Amino acid sequence: MLHTRASGVLMPVSSLPGRFGCGTFGEDARRFVRAVKEMGFSYWQVLPLNPPDPHGSPYASASAFAVSTLYIDPDTLAREGLVSPADVEAAAFSGSPYTADYAFSKAAHETLLRRAFANAPQALLERVRAFCGEHRWCTDYARFCALHRAFGGRPWYEWPAPFADYARAADAMDDALKRETRFYEFGQYLACTQWYALKLYANEQGVKVLGDMPFYVSADSADVWANRALFELDARTYLRRRVSGVPPDYFSADGQLWGNPLYDWAAMEKDNYRWWCDRLKEARTLYDTIRIDHFRAFASYWAVDAAADSAREGVWEKGPGMRLFDTLYAAFGELPIVAEDLGTYGEDVTRLLEDTGFPGMRVIQFGFSPDADSTHLPHNYPQNCVAYVGTHDNTTLLAWLWEASERDRRFALDYCGFSGGNWGEGGFQSPACRRVIETVWRSGAKLAVIAFQDLCGFGSDARMNVPGRAQGNWLFRTTQETIDQIDKAYYQKINRLFKRG
């Protein structure tokens, strides 16, 4: 729930400055937190911290619980005596500081973490075991990773018996696989404890963390392998019967065929939604507030036959609705959740939002049509919502101005009170971008969020993600020099002026 008027910055950890191929939980992250505080923001929004897929997407992870080991800070490992300074230098990236290189970072971190595991004292290994005892998902994920590696990266449903059967796999693992499991447990302990320390630092600076929880999980994941009965899978082949997606929408004329396995909500209800309770419990340790992606699927979701060629061929099915959230409220009390309620809408989604009391989202870019009084125009924002200049799925604000039709752009500029002829001017003091930002900031929404790229007035080359495109996303990174060039006094001013402390 949102109790005070505030503002925040959306900055993925992968996009942070640093010298290791992608951002980490180290000192560069702390410098960013200090910059957030200096500008008068009180939230740092991140994308999911889960291990990304080979293309860098954190929404297609091998675990809904694990934290990516790509974000482990090598310098911290050296200070703790687990690796040498030479080991750290070997993990440094010599390529562009403006583009994430997940393949390099994965290989470098694996070498570094295996060295750290070999050097780990017994006391540290005992803390790892205690951590796994408190976080039961950790060993499941570690076993999954060990077996995934042993079987050449093949998906779990192609593993030989008995390993594809979660209930039998542990007993069949030899000593080498058990040691490999301990290595992956070690990596999770380091990743989680480094993040806990960074989040504590942010909180001490007066900055809360707004996290991100993907709705679906990947077919080839520890979650599905360890909980087959909770998903729509063929009982014999383990293959998906139906898959996830969305019908045609703002981003795609053919809809989006995501391919995730669908939840068996009847089976989950019989289990009193244990998996979701466990998932929310872990998310509450990682974040102060949790944005749940594709929230509308809790009301109704798009189900597509696994053999279909496009998402156009799906049907709507009913989700669990308030039955799930009544269970979560009973388990946790107040739920610090933000509902990503964008996309295809319906009365069931509206009703679920009202019943849960969760704030929804508004994105000003979606409102700039002169033909409609859109709910995404700031004069229509309720207090109980999070207002965005743009999300990670949108192009940057400057790029939108350049790419919009003359009619839509004129409406946007008039709406935001910009009358100059230099609307296309970008950069840290972009005048047209500032008018749009201020329009969002003066809205009644309790929380207003701006993506880092829009703090800087960047163009389309800084876009984070194009929905429906498999490759070329999640690559944006920045440098400390860029952060230092932001007009911090301007953001201090508008946060103070519009009472977003």
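**The core and the sheet**

Reply: Happy to. In this predicted model, the largest nonpolar core has 169 residues, and Trp44, Trp195 and Trp276 are those with the most contacts inside it. Helix H8 (residues 175-204) supplies the largest share of this core, twelve residues. As a general rule, nonpolar side chains tend to be buried together in soluble globular proteins. There is also a second, separate core of five residues, among them Val243, Trp302, Ala308 and Ala311.

Now for the sheet. Eight strands form an open sheet with parallel pairing, in the order S9-S6-S3-S2-S1-S12-S11-S10. Strand S9 (337-339) and strand S10 (360-363) are at the edges with a single partner strand each, so one side of each has no neighbour in the sheet. From one strand to the next, the twist averages 25°.

Let's zoom in on one pair. Strand S1 (residues 6-10) runs parallel to strand S12 (residues 447-451), and five bridges join them. Within this pairing, Gly8 has Val449 in S12 as its bridge partner. Helix H17 (residues 431-441) packs on the sheet, where it touches S1, S12 and strand S11 (385-388). The direction of H17 makes about 155° with that of S12.

Conventions. Residues are numbered from 1 along each chain as its sequence is written. This is a predicted model: local features need pLDDT of at least 70, side-chain atom pairs count only at pLDDT 80 or more; totals for chains, interfaces and linings use all residues. Side-chain values use heavy atoms; hydrogens and water are left out. Two strands pair if DSSP finds at least two bridges between them. Helices (H or I, at least four residues) and strands (E, at least two) are DSSP runs, numbered from the N terminus. Axes are lines fitted to C-alpha atoms, for helices over the stretch in contact, and angles run from 0 to 180 degrees between N-to-C directions. Contact means heavy atoms within 4.5 Å. A nonpolar core is a set of buried Ala, Val, Leu, Ile, Met, Phe, Trp, Tyr and Cys residues joined through side-chain atoms within 4.5 Å. Buried means under 20% relative accessible area, exposed over 50%, partly exposed in between (1.4 Å probe, protein chains only).
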